[in-house]
Every structure is written in C-alpha cells, then in structure tokens.
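Reader: I am new to protein models and would like to learn how to read one. Could you take me through it step by step?

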Amino acid sequence: MSNFRNLLKHSDIIRRNGDVIPRIAKDYFNLLVRRKNVLRKVDIAIIAGCNAKCAFCFATTLEDETGPYLSLDEVKRIITESIALGALTFEFLGGEPLMCKHLDDAIRFAKKSRAVVGVTTNGILLTEKRIRELEQTGLDVIQISLDSMDHKEHDVSRGVPGCYDKIMNAIELIKHTKIQLMLSTVATNENLQNRKLLDVIRFAEQLNVPITVNPASKAGAWRGKENILLTPENRKVFHDLVKTSHARWAGQINFLKEGCPCGKEIIYVTAYGEVIPCAFIQISYGNVRREPMADIWQRLQDHKLVSERTDTCIAALDPKFIQDYINPLDDEKHLPIFIHDHPYYKSGAGA
Ligand SMILES: C[S@@+](CC[C@H](N)C(=O)[O-])C[C@H]1O[C@@H](n2cnc3c(N)ncnc32)[C@H](O)[C@@H]1O
Ligand code: SF4
C-alpha cells in the first residue's frame, strides 16, 4: 500500500488508541469490499474568532457575525454521526480553538467515543498549565503552526509580538507529556524560493516530529490573489519537499493512494455547522443544524467534485479546479456558497 510509510509515521498514535483498530478494519472493508468512500477525518472549527491577525488566514471568509458558534451538544452530535460514517480522527481548529470554552469537553467526548483527537493552534495560549489540562483530556496531538524560524518574521506573519517565543516554550513542554507534537506550516512562492521553508522542515526533523505543509491557497484573506498560488516550478519543488521523511501534505495519509482527500475521506465543519470539502474549498454541501451528517455526506459523494480523483491538492495546486471552482468565489458576498448556487454547478458543467 503506497501510504504504508505515512501510516507508520502515526504508528505510536495508533498503538495508543488500540480500540480504534476494529473501526479501521471496518473502514477498509467498506472501502475495498463494498467499494464505498469512507469518511476518515473531520476538521471541526470549534470557534471562528482568533487572538492573532494572520494576513493569509483562510478562516476570515468563514466568519459569520450573525450566527452563534456550534454548541457543545452540536459538536457532540457531529462526532457521533461522523463516527457512524466511519470517522476515526477529529481535529479541532478554527479560528483559535484554545479560545473555545468547551474545547476540553469536546475532546473528552471524542476520546470516550474512541477517536484519535488533535488540536491545531497558533500556540499563543499554550502555557504549562493549559498543556497539562489538555493532557488530562486524553488529547492525542497538538499541531502548532510555525511560519518561519526567524522569530521576527513569524511574529509579523501572525500579527502577535512574542508568538514565536511562546511556541518554542510550548514545544519544550509538550515534549515531556504524552501528547504527540506536530507542526504545520504554509508553503509560499517566497519561502520556497528563499529556502526558508527548508529551515522550518529541518526544525521538525531535529525535533523528530511530523510537519504538515499546506500549499498557499487563495482562500479567506488571500481570496482573489492569483499571485500567491505556487508557480508551476514551485509546485514541483513542493511535491519533492513533501517526500522528505518528516514533511507531508494532507493527501499523504489517505486510506489508500496519495491524492486529494477532500470530500472523499475528509470534511471540514465550519463554526456554524456548514460542511465543506476542506477549509480551502469554501463550498457547502449542507448544514448540520438542518440535516443529518449522513445526508450531507451523500450529497458530497454524489457530486462530480468527489468522483474525480486527483493526485494533488485541488484547491491550491490544480489550475483547472481553481479556474472552475475557486475563482468564481472571488467576489461572492457570502461564503461558504451552497453547491447548487455555485456558478460552475449552475452552468451544468459541474453538476
Ligand atoms: C486557520 S488555522 C486555524 C488553527 C489555528 N488558529 C492556527 O493558526 O494554527 C489552520 C492552519 O491553516 C493554515 N492556513 C491558514 N490560511 C491559509 C492559507 N490561505 N493557505 C494555506 N494555509 C493556510 C494556518 O497556517 C494553520 O496552520
Ligand atoms: S491562521 Fe490561525 S492564528 Fe492565524 S488568524 Fe487564522 S485562525 Fe488565527
């Protein structure tokens, strides 16, 4: 299996979560024998607000000042219904998940439901006390976003003086807990050309932790900015980089082959319950406040977006997908847009 190497990167987590193994087996049965797409991972934006001001943040267009965030009961229902669809892993993000008052209860519930649970954070609120509290919830993974090894550059990128130092402190502390540390970073034309991305990846190697590398995506604050997309040359450099031992992109830990997992085995639920294929494809297939997850999942599976498999990140690296599905969102007033209202779908081409 081509993804075996990546599965091994997570073998510690799987070992610690032995009770997930029967569900992994069931998912593979549904995939290989019943030939069905199976939901593997759900990203839940548990909050939309944030204590940082990143100039590139995809989440800025997912904020809705009129609606309340998902309640704890709603988050629990998402977890339960997703597990019924096969989900093994939940990742809480946002916005800044550590600002959410019911984050710990949500983690505890997901752990009791026998799932692997992670939090992706800017690290600003990761004090020693907070890390201990998170450890007590049973949290498996803390993924910290790190934009640059140059502390000034990182702080400017996050709009928060002192952010880099807080992260470095948190990294030291997490090393002494049962929580697996991971890093997350963004690949841009700039940091690929000046090779500063390599410094961040080397840091992950020194720590011996996995690092998720997200290719720059024209979503949120970068919406409409064509020039932030990786050039064809840098797309190639990106793909070479994520072959190195510690680096990976979201499409490398799939059930089967490497490829874009969005909508096929991963979904993202916004802080208001909209289900989108991934954070960077801000097209809704339904709202969990109005419909069961199973119905929304089926709508997603029935759509062409999901049936066409691709070996790269469609949202950031596939020019045809970007032209058909992402560019029409540049001037959209309200995101995420419902799939049936998307101009490409309405034209009949994407139906
Ligand atoms: C929106 S943040 C939410 C969690 C938390 N606030 C954080 O920054 O880690 C999730 C991840 O997406 C990355 N990200 C945000 N906007 C992006 C964009 N336009 N393109 C690629 N990655 C992006 C961030 O760097 C971060 O690692
Ligand atoms: S990337 Fe994360 S830390 Fe930065 S503004 Fe967005 S949600 Fe906040």
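Author: Let us go through this model together, from the whole fold down to single bonds and ligands. Keep in mind that the model is predicted.

Reader: Thanks! How many helices and strands does the protein have?

Author: The count comes to 16 helices and 11 strands. The radius of gyration is 19 Å, close to the 20 Å that the globule rule gives for 351 residues, so the protein is as compact as a globular protein of that length. If you like to picture a box, its C-alpha atoms fill one of roughly 50 × 45 × 45 Å along the principal axes.

Reader: Now the helices. At what angle do α4 and α5 pack?

Author: Start with the angle between the two axes, then see who touches whom. Helix α4 (residues 72-84) packs on helix α5 (residues 103-112) at about 25 degrees, and their axes are 10 Å apart. Angles under 35 degrees count as roughly parallel, so α4 is roughly parallel to α5. The crossing of α4 past α5 is right-handed. On the α4 side, Leu-72, Val-75, Lys-76 and Ile-79 make the contact, and on the α5 side Asp-105, Ala-106, Phe-109 and Ala-110 do. Sorted by class, this contact has 6 nonpolar residues, no polar ones and 2 charged ones.

Reader: And are α7 and α8 roughly parallel or roughly perpendicular to each other?

Author: Helix α7 (residues 151-158) and helix α8 (residues 163-175) pack at about 110 degrees, with axes 7 Å apart. Angles of 65 to 115 degrees count as roughly perpendicular, and α7 and α8 are therefore roughly perpendicular to each other. His-151, His-154, Asp-155 and Arg-158 of α7 meet Cys-163, Tyr-164 and Asp-165 of α8. Here the classes are 2 nonpolar, 2 polar and 3 charged.

Reader: Which residues does a cis peptide bond join here?

Author: One cis bond joins Gly-94 and Gly-95, with omega about 25 degrees. Gly-95 lies in the loop between β2 (89-93) and α5. Another cis bond joins Leu-335 and Pro-336, with omega about 0 degrees, and Pro-336 sits in the loop between α15 (319-326) and β11 (337-338).

Reader: Which residue other than glycine has a positive phi?

Author: Arg-114 does, with phi near 65 degrees. You will find Arg-114 in the loop between α5 and β3.

Reader: Last topic: the ligands. Which residues come nearest to ligand 1?

Author: Of the 20 residues around ligand 1, Phe-58, Ser-145, Ser-184, Asn-214 and Ser-217 come nearest. Strands β3 (116-121) and β5 (180-187) each supply at least two residues of this shell. The shell divides into 10 nonpolar, 9 polar and 1 charged.

Reader: And which residues are around ligand 2?

Author: They are Cys-50, Ala-52, Cys-54, Cys-57, Ala-59, Gly-94, Gly-95, Glu-96, Asn-122 and Arg-158. By class, the shell around ligand 2 has 5 nonpolar, 3 polar and 2 charged residues.

Methods: Residues are numbered from 1 along each chain as its sequence is written. Chains are lettered from A and ligands numbered from 1 in the order in which they are written. This is a predicted model: local features need pLDDT of at least 70, side-chain atom pairs count only at pLDDT 80 or more; totals for chains, interfaces and linings use all residues. Axes are lines fitted to C-alpha atoms, for helices over the stretch in contact, and angles run from 0 to 180 degrees between N-to-C directions. Helices (H or I, at least four residues) and strands (E, at least two) are DSSP runs, numbered from the N terminus. Angles under 35 degrees count as roughly parallel, over 145 as roughly antiparallel, 65 to 115 as roughly perpendicular and the rest as oblique. Two residues are in contact if their C-beta atoms, placed from the backbone, lie within 7 Å. Ala, Val, Leu, Ile, Met, Phe, Trp, Tyr, Cys and Pro count as nonpolar, Asp, Glu, Lys and Arg as charged, and the others, Gly among them, as polar. A residue is near a molecule or strand if its C-beta atom, placed from the backbone, lies within 6 Å of it. A crossing is left-handed if the near helix is turned anticlockwise from the far one by less than a right angle, and right-handed if clockwise. The radius of gyration is taken over C-alpha atoms; the globule rule is 2.2 Å times the number of residues to the power 0.38.
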